[in-house]
Amino acid sequence: MNILATSIYPYICFLLFFALPFDDYFRALPNLLLIALAVLFPFVIKRSELKNWHKSPALWVLLFLLFVIGQTWFLGRWEQDFVVLKKILLAAGLALLLVPVRESRTLHHGIIYSSIAAIIYSMVRLVMLLNDGLEVSFLASASIIEALLMDRIYLGLLAVLSVIVSYRHLHKTYHPNNGYYLANIILQLCFVLFIVSRIAIVVLLVCFVLSLFYRQKRGPQLLFFGGILGLVLSLAFVLNNDLRNQFFYNNNPEHQEGLLANTTALEPRMVIWDCAWRLTDDPAVIWQGIGYTQTNAQMLACYSEHITNKIKREWFLTRKYNVHNQFLSLYLGSGMVAFVLFALSILAIFWRQKNALFPMALGVTMVVFLLAENVFHRQIGAYYMGLLWALLLFMPAPQKDHDV
């Protein structure tokens, strides 16, 4: 049984992450695959893989989980906040289930192929819409955005993970697979620019700068990747009017103030974070939080009270935007202790993995997306958070190596 379980376990993980972007079409499949992993887990896990968990960042995550669960139960919020708690537990459970295959090439290829499949599917739907006479405009056309396989922020996250994993498997010397990984990196970069996923663009730029500190010979790398990046950006700016509007001036005569003013006025997160910051004035927040359900309710009340533009106010109330910042959400929902424990788990990851590029790039990706999204409010977010935890929490501390 152990041999059979060990043989099929990585392929179940592959199928799980390959199917994850198609969650809206095969909603039950990820859950069924998760159950299969849980059944097989005792047969594939090795005691040595969890031997020193208490010396890893996993200890801080465990303390965070115990505190949030205990506090929610003690304060009588279990029923109303369970919808969020179960996603936190899902992420933690998946991270544990992925420990036996966290370094598996099969799992990593699941990420790469799922991102390629998501691109192909999204592009086919876009072509169909174009044939129906719709104009491509990712800033103004909701119908085009909805043509994407999943939310733009998660498509961006998947693309970034695909780039990082592909870079991880590039060989330093000639290897026949290098061309495939490099082609995937270029494909993902072009797609991120095409859908104007600003958060993903920022993450990729930060990771590129970060990679320069892990290379002994930075000149050729800087020239090569800088040239590719410059070429792709130039083509994107020439071909994509939406991207130009993001970085320069808006053509709308009501918004001629430039980048900073337009971003403040038009970026939904500016309004969302302003309301979230107002909620921190509640004296109950710092010690016990106000609960996740109550946070969402008070966010809606803030939109209703402080957004003066009627159309904009109705849009925010219809969309029921949450805090869109996982750190701030944890602080509002569970208070300062939960926020600190969660932050310490991330700081422990960076401290432990500071000598290796791959985990550092994953850590940067995790932090930036946590700053822009409540991953524990979406099932797909919980799955990707579980993946990031699995890749980072149980990874042994690397030796000093500038090339990993």
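Predicted model: local features only at pLDDT ≥ 70, side-chain atom pairs only at ≥ 80, totals over all residues.

User: Where is Lys320, and what is its phi?

Analyst: Lys320 sits in the loop between helix H16 (310-319) and helix H17 (326-334). Its phi is positive, about 50°, although Lys320 is not a glycine.

User: Which label does His324 get, buried or exposed?

Analyst: His324 is also in the loop between H16 and H17. Its relative accessibility is 12%, and buried means under 20%, so His324 counts as buried. The phi of His324 is positive too, near 60°, and this residue is other than glycine.

User: What makes the link between Arg168 and Glu103 a salt bridge?

Analyst: A nitrogen and an oxygen of the two side chains lie 3.1 Å apart. The cut-off is 4 Å between a side-chain nitrogen of Lys or Arg and a carboxyl oxygen of Asp or Glu, so Arg168 and Glu103 qualify. Arg168 belongs to helix H7, while Glu103 is in the loop between helix H4 (78-97) and helix H5 (105-131), so the pair ties together parts that are 65 residues apart in sequence.

User: How many salt bridges does a search of the whole structure find?

Analyst: Three are found. One of them joins Arg378 and Asp151, whose closest N and O atoms are 2.6 Å apart. This pair links distant parts of the chain, 227 residues apart: Arg378 in the loop between helix H19 (357-372) and helix H20 (379-393), and Asp151 in the loop between helix H6 (142-147) and H7. Arg378, at 33% relative accessibility, counts as partly exposed, and Asp151, at 38%, is partly exposed as well.

User: How do you know that Asp274 and Arg278 form a salt bridge, and what separates them in helix H13?

Analyst: Their closest N and O atoms are 3.1 Å apart, and the limit is 4 Å, so the pair is a salt bridge. Asp274 and Arg278 are four residues apart in helix H13 (residues 268-279), so about one helical turn separates them.

User: Why is Ser166 called buried, and which side chain does it make a polar contact with?

Analyst: Ser166, in helix H7 (residues 152-168), has 0% relative accessibility. Buried means under 20%, so Ser166 counts as buried. Its side chain makes a polar contact with the side chain of Asn184 at 2.8 Å, and a pair of N or O atoms must lie within 3.5 Å for that label. Leaving aside neighbours within four places in sequence, Ser166 is in contact with Ile112, Tyr181, Asn184 and Ile185.

Definitions and conventions:
Residues numbered from 1 in each chain as written. Heavy atoms only, no water. Helix = DSSP H or I, 4+ residues; strand = E, 2+ residues; numbered from the N terminus. Buried < 20%, exposed > 50% of the residue type's maximum accessible area, 1.4 Å probe, protein only. Polar contact = N/O pair within 3.5 Å; in protein donor to acceptor, adjacent residues only side chain to side chain. Contact = heavy atoms within 4.5 Å.
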